[in-house]
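User: I'd like to learn how to read a protein model with two chains. Could you walk me through it?

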Amino acid sequence: MTGLMFKISGAWLVGLLAGLPMFASMGLAALAFMWIGGFPISMLPQKMAGSVNSFPIVAAPLFILMGHILGAARLTDRIVEFATAVIGWVRGGYAHASVLTSMIFAGMVGSAVADAAGSGAIEIRAMKKAGYKPETAASITAAAATIGPIIPPSLPMVIYGVSADVSIGRLFMAGLVPGVLMGLTLMVMVAFVARAQGMARHPFGGLMNVVRTFARSFFALMTPVLILGGMFSGVFTPTEAAAVACLYALLLGFVVYRTLHWRQLGQILVDTAETTGVVLVLVMAAGALGWCLSIARVPQMLTPLITATFDGPLTFLLAANLLMLVVGCFMEGLAAMLILIPILVPAAVSYGIDPVQFGVIMVLNLIIGTITPPVGVVLFVVMRIAELSFEAMSRAILPWLLPLLAVLLAISLWPPLTLWLPRLVMG
Amino acid sequence: MSVEPGGPASEPPAPRPQTLFDRVLYAVAGTFVVLLLGTVSAGVVFRAAGAPLGWTDEGAGFLMVWLACLGWMVATRNQAHIRIRFFLDQVPRRASPGVETALQAGVALFGGAVAGYAVHLIRVNADVEAISMPVAVAWMYVPLLPAGLLTVVQALLEIRRQWAGAPHAGRERFEDAR
């Protein structure tokens, strides 16, 4: 059975690289295994439906919906204004404000692309107008957008939690400290670059300006407080927090700020359904394939091989990081995650690595892939906004990977960075 | 930093003309998003009111399968599914329809298998009742049938379009996927 699964996996990889849609390539591999292995083919639709028939995964479409509502209601404008009032007056202040905006926005939307597309246009335009190099402005925006799926809520963490059977609440808490660290290391990098490039200072608008912009954006800024506060205090589960946040976002858009119109609602719902379909059909196909892998005992066979190759958790983590970074450069993050989870998570657990820590490491690795060539989707979004060539953007982003890689190394080497908060809150 | 109105600099791809089928599909998919939100919210509200509903978790699970399949159908119609096109784009123009036909045949085979065996699941679960709701478990497998069938039809349409000489109409859609 294991040999058969390896042969099928080879064919699956060929199909994937040849251009088969990912869900179909995974589904066909599962179908081939069931057919040749003599299992009832009805297991295919049964496992597909079973993999999304769970309450925790309901958080995925609801967080997607919230992202679309917040995007349509243009709440980012107010947050950018507030972040600029707070920190825009230091050298390289607009770049610092871009990072701060991403950190705040990350607490509202769990997607790097949504962050880059939502606030990127305003931030890049302002930075270019202030005389920043377009490449630098675009790179800062792209790098800061990667904080989105690390600070909760996070769509990739929901998918990881469901696929690896790990508490989504714990994952969300585990992402908070690394997310803040990412923001701080990016700000340190901004400070160096600002000095090196002679970025201008802007006059401080005064404390009243900070208070005024805070008041203007108060209800928007309360969104992360509602989500995180509700979850961490145990009032809501992550799925319920997503639903409450959607209702709150609708309230903000329709009643408080009146920036949302009823005619936008249809498009928001269809976009939500489409994005949900793109993501969850992968989860469905991966669920069927995951069943085949476990029946073929592939994880049980690969884990001893991995543990025999790497003599300790540290070398394993470094090798796993390298593998995930390379895969993330060439493959869409969620798809890569669904493929790698059945192989890497059992191995990590066998080394005594907490699956929560490994989850944050995996998500960060694959999110870094969104800003690396050749298939970095955030890179594409920002490049188009900044009107830069792909080559220029690919070169400019390289130094901005350093702070993110430093955080990746830190959370790999020092588990308390990820595990301290969930253990403190949830025991 | 002053905030100016206006979205990203790039223009979105031109929308594909919508058929009546698309409009109905969008309406149904949108309705299921609302139903899912309503079900989870009802669970929160009634629990807070001290009268928890027993069916909301299981109901949300059922709706999730429906929404996933409807979203799969919407993404199929809009050719929004994730695929690696790098090597496919290197294929010489003359060989392209043949390669695309082989790929779409694979997609159709998968869709056909899902639809065909979903019928079997619907039949065997028709008299099995859900735990907390007065509905048959078969309803969970029902949306797999149209999703699989649409996958087959769309793959066949794509093959036809390839041999008619039309260019690739898909768009890479990753927004909000991570």
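User: Where do I start with the two chains? How many residues of chain B are in contact with chain A?

Analyst: Start by counting who touches whom. This is a predicted model, and in it 64 residues of chain B are in contact with 87 residues of chain A.

User: What area is buried between chain B and chain A, and what share do carbon and sulfur atoms give?

Analyst: Buried area is what the two parts lose in accessible area on being put together. Here that comes to about 6,500 Å², with carbon and sulfur atoms giving 73%.

User: What about charges? How many salt bridges does the rule find across the interface of chain B and chain A?

Analyst: For this you look for a side-chain nitrogen of Lys or Arg within 4 Å of a carboxyl oxygen of Asp or Glu. The rule finds one across this interface: B:Arg47 pairs with A:Glu240, N to O at 2.7 Å. Over all chains, the structure holds seven salt bridges. As for polar contacts, five residue pairs count between chain B and chain A.

User: Which helix gives the largest share of the side of chain B that touches chain A?

Analyst: That's α2(B), with 13 residues. Helices α1 (20-48), α2 (56-77), α3 (96-124), α4 (138-141) and α5 (144-163) of chain B each put in at least two residues. Sort that side of chain B by residue type and you get 42 nonpolar, 13 polar and nine charged.

User: Last one: the backbone. Which peptide bond is cis, and which residue has a positive phi although it is not a glycine?

Analyst: The general idea first: most residues other than glycine have a negative phi, and most peptide bonds are trans. Here, the bond from A:Pro152 to A:Pro153 is cis, with omega near 0 degrees. You'll find A:Pro153 in the loop between α8 (134-145) and α9 of chain A. The positive phi belongs to A:Arg74, at about 55 degrees. A:Arg74 lies in the loop between α4 (59-72) and α5 (76-87) of chain A.

Definitions and conventions. Residues are numbered from 1 along each chain as its sequence is written. Chains are lettered from A and ligands numbered from 1 in the order in which they are written. This is a predicted model: local features need pLDDT of at least 70, side-chain atom pairs count only at pLDDT 80 or more; totals for chains, interfaces and linings use all residues. Side-chain values use heavy atoms; hydrogens and water are left out. Contact means heavy atoms within 4.5 Å. Buried area is the accessible area (1.4 Å probe) that two parts lose on being put together, summed over both. A polar contact is a pair of N or O atoms within 3.5 Å; within protein, one must be able to donate a hydrogen and the other to accept it, and residues adjacent in sequence count only if both atoms are side-chain atoms. Helices (H or I, at least four residues) and strands (E, at least two) are DSSP runs, numbered from the N terminus. Ala, Val, Leu, Ile, Met, Phe, Trp, Tyr, Cys and Pro count as nonpolar, Asp, Glu, Lys and Arg as charged, and the others, Gly among them, as polar.
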